[in-house]
Amino acid sequence: MNLTLHVWRQQNARTPGRFVTYEAHDISPDMSFLEMLDVVNERLIEGGEDPIAFDHDCREGICGTCGVVVNGRPHGPRERTTACQLHMRSFADGDSITIEPWRAKAFPVLKDLIVDRGALDRIIAAGGFISAPIGSAPDANAIPVRKVLAELSMDAAACIGCGACVAACPNASAMLFTAAKVSHLGLLPQGQPERFDRVRAMVAQMDAEAFGSCTNHEECEAACPKGITVETIGRMNADYVMASLTVGRRAARLGDSGGG
Amino acid sequence: MTVSALALRANATFIGSTVGRKVVMAVTGAILIGFVFVHMIGNMQLYLGPEALNHYAVFLRTFLHGAGIWIFRAVMLTAVVLHVWAATTLTLDSWAARPQGYRLWEPKESTYASRTLRWGGVLLALFIVYHLLHFTVGSAHPDFREGDVYHNVVAGFQVWYASAIYIAAMIALGLHLDHGLWSLFQTLGLQHPRYKRYIRLFAHGFALLIVLGNISFPIAVLTGVVK
């Protein structure tokens with residue numbers, strides 16, 4: 001296949017970027033999208049040019065490292081597919097492909113197609129964990145978990161943190177990401193003690209990172225390579241309202257019953 | 001002593017948070033949606049003739065010894081101000097969240113109603129001002145008679161461009177309600193996969209009902225059904 005690529009090139013976070021057009025010749029339809037970029041980069045290096053910088057790691061769709069906007073769709077045209085699992089057979093010979101980085105104030109471009117997604121890490125650090133006493137591993141199944149809640153929790157936990165939801169959102173909102181991280185712990189018994197503190201802390205961090213806010217376009221759900229639905233956002237909103245209504249209620253605070 | 005390592009940012013407040021402002025928008029939106037419905041039902045008395053409609057107007061101005069309308073106006077004004085405040089601040093924040101846009105962008109799940117929600121809201125705010133000047137204050141009315149609501153409606157809508165403004169505004173209101181009504185359930189977390197399509201259908205149906213009900217008034221006047 002022969003393709004024309006319009007790629008965002010940017011030297012670093014401080015210099016302005018621009019689109020550069022490359023011709024990609026003799027591309028196999030069996031290559032992944034990233035392998036196609038590898039081939040283009042090999043030729044750029046041979047020609048003494050700077051290769052196109054893009055993020056990638058596992059290349060099997062589970063790590064969340066890769067991600068570019070391909071022809072106006074995060075991770076490209078296929079549903080529930082990361083850029084590394086997108087194959088060139090999804091395109092036609094002679095196609096023109098525009099490749100852009102995730103666009104959000106909270107995701108500054110580091111170089112070309114690589115953005116800094118540290119904001120998502122800081123949201124997790126604000127509350128995406130449970131506090132548990134250390135010691136020997138607890139007995140399996142010691143805490144009963146309702147099947148449907150285990151499944152819903154796993155659905156939310158499928159989030160790989162790639163940031164496609166932010167990239168797809170017309171408001172550059174990180175609510176689907178944050179909601180997934182709030183949900184997968186908040187649905188399980190182990191996540192209950194900190195459930196309401198968690199949602200407040202994570203939403204506060206999300207806001208502090210200067211993401212936008214949800215207007216229910218549902219573009220995030222359509223772009224999510226793991227199929228996380230906007231129901232998680234509704235669940236986060238409900239938890240946030242409940243948490244805000246009950247904040248400061250002493251009896252509900254973890255640790256108050258310790259008795260000294 | 002607390003076991004948890006969770007610590008909230010000191011300056012985080014409910015009303016300052018994005019979710020909190022969305023809740024303000026949803027709750028005030030629900031109040032305004034309730035008003036829009038009752039307003040339409042009340043105005044249906046246009047079809048019962050001058051006496052019924054003018055009596056209804058007297059009732060609105062005198063219930064609770066005249067205090068009722070002022071309580072109602074205070075609630076409406078508060079709801080509108082909070083709704084616009086939440087919308088404006090959230091919109092500006094969201095615009096600032098993407099300083100550089102995409103060269104190519106292909107919407108997939110968003111709808112015309114969802115994408116026009118903000119500017120539709122601005123249009124509705126302008127329409128409300130016109131509507132108040134037209135039928136409440138009367139300064140934008142060609143032949144306003146204090147207390148004769150029936151005459152004011154008929155004479156007002158006989159001006160074709162006034163009717164056109166109302167019909168266009170009601171279509172904008174329909175789009176706003178179509179996305180807004182569904183959104184408020186989502187924002188308040190009143191949602192479940194099984195009920196989602198019913199909530200969507202309810203929003204579509206409610207928006208359509210309001211549009212058809214309200215544009216029937218100018219059309220009835222223009223076609224001479226009401227005169």
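Is B:Phe14 buried, exposed or partly exposed, and what is its relative accessible area? In this predicted model, B:Phe14 is partly exposed, with a relative accessible area of 28%.

## Aromatic pairs

Over all chains, the whole structure contains 17 aromatic pairs. One of the aromatic pairs joins A:Tyr240 and B:Phe14 in a stacked arrangement, with 5.9 Å centre to centre and 15° between the planes. This pair crosses between chains: A:Tyr240 belongs to helix α8 (residues 231-246) of chain A, and B:Phe14 to the segment before α1 (18-43) of chain B. A:Tyr240 counts as buried, at 4% relative accessibility.

Within chain B, the planes of B:Tyr47 and B:Phe217 stand at 35° and the ring centres are 5.9 Å apart, so the pair is tilted. The two residues are 170 residues apart and link distant parts of the chain, with B:Tyr47 in the loop between α1 and α2 (50-62) and B:Phe217 in helix α8 (residues 193-222). B:Tyr47 is partly exposed at 38%, whereas B:Phe217 counts as buried at 6% relative accessibility.

## Ring cluster and charges over rings

Ring pairs also connect B:Phe127, B:Tyr130, B:Phe135, B:Phe157 and B:Tyr166 into a cluster.

Arginine side chains lie over tryptophan faces as well: B:Arg73 is 4.8 Å from the ring centre of B:Trp70, and B:Arg200 is 4.1 Å from that of B:Trp182.

## Nonpolar surface patch

B:Leu92, B:Trp95, B:Trp119, B:Val122, B:Leu123 and B:Leu126 make a nonpolar surface patch of about 660 Å². Helices α3 (67-96) and α5 (117-137) of chain B each give two or more residues to the patch, and α5(B) gives the most, with four residues.

B:Leu126 is located in helix α5 of chain B and counts as exposed, at 57% relative accessibility.

Notes: Residues numbered from 1 in each chain as written. Chains lettered and ligands numbered in written order. Predicted model: local features only at pLDDT ≥ 70, side-chain atom pairs only at ≥ 80, totals over all residues. Heavy atoms only, no water. Patch = residues over 30% accessible without salt bridge, like charges linked within 9 Å, V, L, I, M, F, W, Y side chains within 5 Å. Areas by Shrake-Rupley, 256 points an atom, 1.4 Å probe, with all protein chains shown as cover. Salt bridge = Lys/Arg side-chain N within 4 Å of Asp/Glu carboxyl O. Buried < 20%, exposed > 50% of the residue type's maximum accessible area, 1.4 Å probe, protein only. Phe/Tyr/Trp six-rings, centres within 6.5 Å; stacked < 30°, edge-to-face > 60°. Lys NZ or Arg CZ within 6 Å of the ring centre and 35° of its normal.
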